[in-house]
Amino acid sequence: MASIVKSQIGTGQVGGFSLPQTWEDQIPADIVALSQIHVGAQMKGEIASSTRLLSIGSSTVTNAECYIHYTAEAGHSHVDDPGIANNPLGYDPAKGAALRFTGDTHSTITIACAHTKVDRMQFSNTATSSLAGGAINVFGTTATFVDINQCICESSSKNTSIGTVLVRNASCKVRNTVSILKGVTVAGATAMNLNEGAQAINCVILAIGCTVNYALVMSTTGGVVKNCYIGGGTLGAHNNGWGAGSFSGCFSDVSATGCVVATAVDSFESVALATIDLRTKTGSLLRGGGVIDNVNAAYDIYGQPRPQSSNPDSGAWQYVVVDTVGPNLTEQTAISTGSTTYSGSVRTNEAGGSLRALVSINAVETAVTTKANGTPYGVAAAGALSVSGAGLTPSTTYYLHFVHTDSSGNDSARVTTASFTTSAAGDSTPPVLSEPLFDETGSTTAAGTVITSEAGGLLYKYISTNVTETGPTVKGANKTQPVASAGVQNVSFTGLTPDVAYYVHLLHRDAAGNDSNVSTSAEINTFPISTAGTLTTKPFKNGERQVLASLANLNVAVLTLPSLSYVGSVSGETTGVDGTNSVSMAGVNSGVPYAHITTNAAGTVIGAEIIVAT
């Protein structure tokens, strides 16, 4: 792997270079042999000069792994400016590292070296000579695989051969970049030249305050233009001097092959010279008008992800969908875990931001109070969030209040748990579990009850094929439910295997941390794969022992044994000539006994018996 040789450039640099050309001049002739990547990282602010600022020549040997990279120092780019949502995409050294050429015969930066990368920079050329170049000039047959990304480029170049940005070769790309030609009245000046099949992706190519000019020129072999806005040109039917290119997801202020017509005034906040603002307007056709390109344009000129909706925006700037909806909190619970401690949980539908949890003796707290005094918790993902705390008073009733503030600053509604009461100080008496009564309720389910002597804490529930289990094993399964009150606790299980013998093991840890005995049920056997078994009654007879044939409008309910869990019911039944009734339903299994209850239309029970299904 190539090693990175990084040098700072400009005012405030440490151990680097004052000027970018001085940095480039010291790069070795063969960085492939040295296995190096040379990075020039410019500091925030402008370097301006009338002499050559930066020319990356063709003499350095490079490849895809060993290359020259000119960029802004981390934190020193317009990409890092905290006001990116309101940044108008114009040249502004106060917002990040910038180069400005003021002389007569150069572009601000020229590139002839293969595999060069230039990104996160601003370039301006304010020279007025017809010999002056543009902002970026990628020239010569050696300049292959050059990548220009996230740059702001503007010039007043009168040079009709170069333009504000000039790129050659089909392997070269300009991405997420603004290229502006400003106030030029010389015939044939251009905002961008794409030669020999070069590519422009998610760019704004715009001539402002210009006459007799082109916005985009392609020559030799047509270029590839994707998700770009091309406007302000006054020559050429397609804002295109000569040659032809491939367009997709593009917009132009005149009718052009492969481009949707959208005026610059309707597309951007401002296209006046004094107030350039290339953020897209509300209602702009550019919003969502691009085509997906996750390789070349997964983010915009400021690093905002693309797309924000089904399709990315065209142009350099991606409109960020503003979240104005607060999270939704549900399933809030809290329990005492001791005489001074508690735990709780709540479910949120949104990731990010901060959850505040406030425990208090008040049944109602405002969202403001909850946020101001609650304990903060990060929200890494949507779903269930757990909280816990200490410092409560023994034998006291509390409530737990939650507010989730998302990453956009939207608050959820405040939600509050049911009350919970801390245990008395010094509680060392464990609960007692008794009478575990469980039954299979289907081929993959079981349910039943157990009785506890104490309220509070958690009931640990574990089902296995083992006749006995230890307390640590039962707790280690970490399947729990709160114990709101002493007495009967309803417990259920799902996801079991059909036709298997199981035992239910339970343990109650009270709020003071005392563990009960492990209470284990008798053997239960899940049903085989569910079939529609049949239950046939004995003949119905009257008081004189006469068979009651053709009884109508009977209702039948079927329950499991011994837990009497509901299996199903049917209505509109009749008895046959022999006085019997037969019903079949899913969940009734052959060879298994069931409780069968028959009522008439008035709701009176006329038959109740245990029937083994066939």
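1. A salt bridge here is a side-chain nitrogen of Lys or Arg within 4 Å of a carboxyl oxygen of Asp or Glu. By that rule Lys 95 and Asp 81 meet through their side chains, at 3.8 Å from N to O. Both sit in the loop between β5 and β6, so this pair ties together parts that are 14 residues apart in sequence. Asp 81 is buried, with a relative accessible area of 12% (buried is under 20%, exposed over 50%, partly exposed in between, using a 1.4 Å probe and protein chains only).

2. Before going on, bear in mind that this is a predicted model, where local features need pLDDT of at least 70, side-chain atom pairs count only at pLDDT 80 or more, and totals for chains, interfaces and linings use all residues. Residues are numbered from 1 along each chain as its sequence is written, and side-chain values use heavy atoms, with hydrogens and water left out.

3. Back to the salt bridges: the structure holds 12. One of them joins Arg 100 and Glu 46 at 2.9 Å, N to O. That pair links distant parts of the chain, with Arg 100 in strand β6 and Glu 46 in strand β3, 54 residues apart (strands are DSSP runs of E, at least two residues, numbered from the N terminus). Arg 100 is partly exposed at 24% relative accessibility, and Glu 46 is partly exposed at 32%.

4. Then there's Glu 154 with Lys 182, whose closest N and O atoms are 3.5 Å apart. Glu 154 belongs to β12 and Lys 182 to β15, so the pair ties together parts 28 residues apart in sequence. Glu 154 is buried at 10%, while Lys 182 counts as partly exposed at 21%. Elsewhere, Lys 475, Arg 509 and Asp 515 form a salt-bridge network.

5. Now the strands. An open sheet of 9 strands runs β1-β2-β5-β8-β11-β14-β17-β20-β22, with parallel pairing (two strands pair if DSSP finds at least two bridges between them). Its edge strands, β1 (3–9) and β22 (246–248), each pair on one side only. Inside that order, β5 and β8 pair over 2 bridges, and Tyr 70 stands opposite Val 118 in β8.

6. Have a look at β25 and β26 too. They pair in the antiparallel sense over 2 bridges, and a hairpin joins them through 6 residues. Ser 270 has Asp 277 as its bridge partner in β26. Both faces of β26 are covered: Asp 277 and Arg 279 on one side, Leu 278 and Thr 280 on the other, are all buried.

Notes
Helix = DSSP H or I, 4+ residues; strand = E, 2+ residues; numbered from the N terminus.
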